[in-house]
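Student: I've got a new model open and would like to talk it through. Can we start with the overall picture and then zoom in?

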Amino acid sequence: MIMIELKNVEKQFTVSRNEKVHILHEISLGIKKNQCICIEGPSGSGKTTLLSILGGLYGPTSGSASVDGVKISRLPELFLTRYRREKVGFIYQHYNLLENLTVLQNICLPLVPLGIHPNEQKRRAKRLLDRFQLSHRQEYQVSSISGGEQQRTAIARALINDPPIVIGDEPTAHLDAELSHDLFFHLSTLKAEGKTIILASHDPFVLNHPLVDVRYRMEGGRLSQDS
Ligand SMILES: Nc1ncnc2c1ncn2[C@@H]1O[C@H](COP(=O)(O)OP(=O)(O)OP(=O)(O)O)[C@@H](O)[C@H]1O
Ligand SMILES: [Mg+2]
């Protein structure tokens, strides 16, 4: 069953008063629940833009995006925010961690707007700190931990609200081979738990990984399925 469906999605950005750039063209895509898909394509082709629409960071200019039958492309901002908080774990291309906060504080960030009691936040974070071998770093500022630890902090933060959809934008870009393997070990566990996983990557290790069910290619803002 299709969980996420895009129909004729177009995205334009307004760059100045009389200039628009047209980034995504006629994107139609269906993603089944518990599938793992990966989008490859050159820099600037629109991968992050597409992931941002799937993650509810912003809507398309036209066309529709639905998740579980709900049109997220038509939701008022309040509901889009709720979609993002409840359904999506986003691992950003540059992690977007807050450098001056601790590992623990970063991981708990998505729970703050949900009004969850700090003790409950810590209880949930503890499981992820254990799972991602970050317990000994929990009180460290993010600026002082290694790249691999930052990566794991970013993954833990994406999972703290137990989202059904996990989006990873170039998740191995800053990782060596061993850490890339670790990441896929974690992604495999998430898939086994029933999560739907959406990746964008240039990395052959990611593209050719057996966890990936369907591969797409983005070129000049147009998407095609790889054979
Ligand atoms: N908010 C914005 N305003 C204007 N242009 C934008 C905006 N966001 C993205 N773009 C432009 O859209 C194009 C696609 O960007 P996007 O980040 O989606 O590419 P990408 O495929 O993820 O590239 P990379 O592989 O380098 O991460 C780029 O030319 C970028 O400059
Ligand atoms: Mg990108």
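Predicted model: local features only at pLDDT ≥ 70, side-chain atom pairs only at ≥ 80, totals over all residues.

Student: How does the radius of gyration sit against the globule rule for 227 residues?

Tutor: The fold has seven helices and 10 strands. For 227 residues the globule rule gives 17 Å, and the protein is as compact as a globular protein of that length, because its radius of gyration is close to that, at 17 Å.

Student: Which element gives the most residues to the shell around ligand 1?

Tutor: The shell holds 13 residues, with Phe13, Ser43, Lys47, Thr48 and Thr49 the closest. Strand 1 (2-16), strand 2 (19-32) and helix 1 (47-54) each supply two or more. By class, there are four nonpolar, eight polar and one charged residues around ligand 1. The top contributor, with three residues, is helix 1.

Student: Is Gln150 buried or exposed?

Tutor: Gln150 belongs to helix 5 (residues 147-159). Leaving aside residues up to four places away in sequence, Gln150 touches Tyr95, Leu97, Val142 and Ile145. Since 20 C-beta neighbours lie inside 10 Å of Gln150, this residue counts as buried.

Student: And what separates the C-alpha atoms of Gln150 and Asn96?

Tutor: Along the chain, Gln150 and Asn96 are 54 residues apart.

Notes:
Residues numbered from 1 in each chain as written. Chains lettered and ligands numbered in written order. Near = placed C-beta within 6 Å. Helix = DSSP H or I, 4+ residues; strand = E, 2+ residues; numbered from the N terminus. Nonpolar A, V, L, I, M, F, W, Y, C, P; charged D, E, K, R; others polar. Buried ≥ 20, exposed ≤ 12 C-beta atoms within 10 Å, placed from the backbone. Contact = placed C-beta atoms within 7 Å. Rg over C-alpha atoms; globule rule 2.2 N^0.38 Å.
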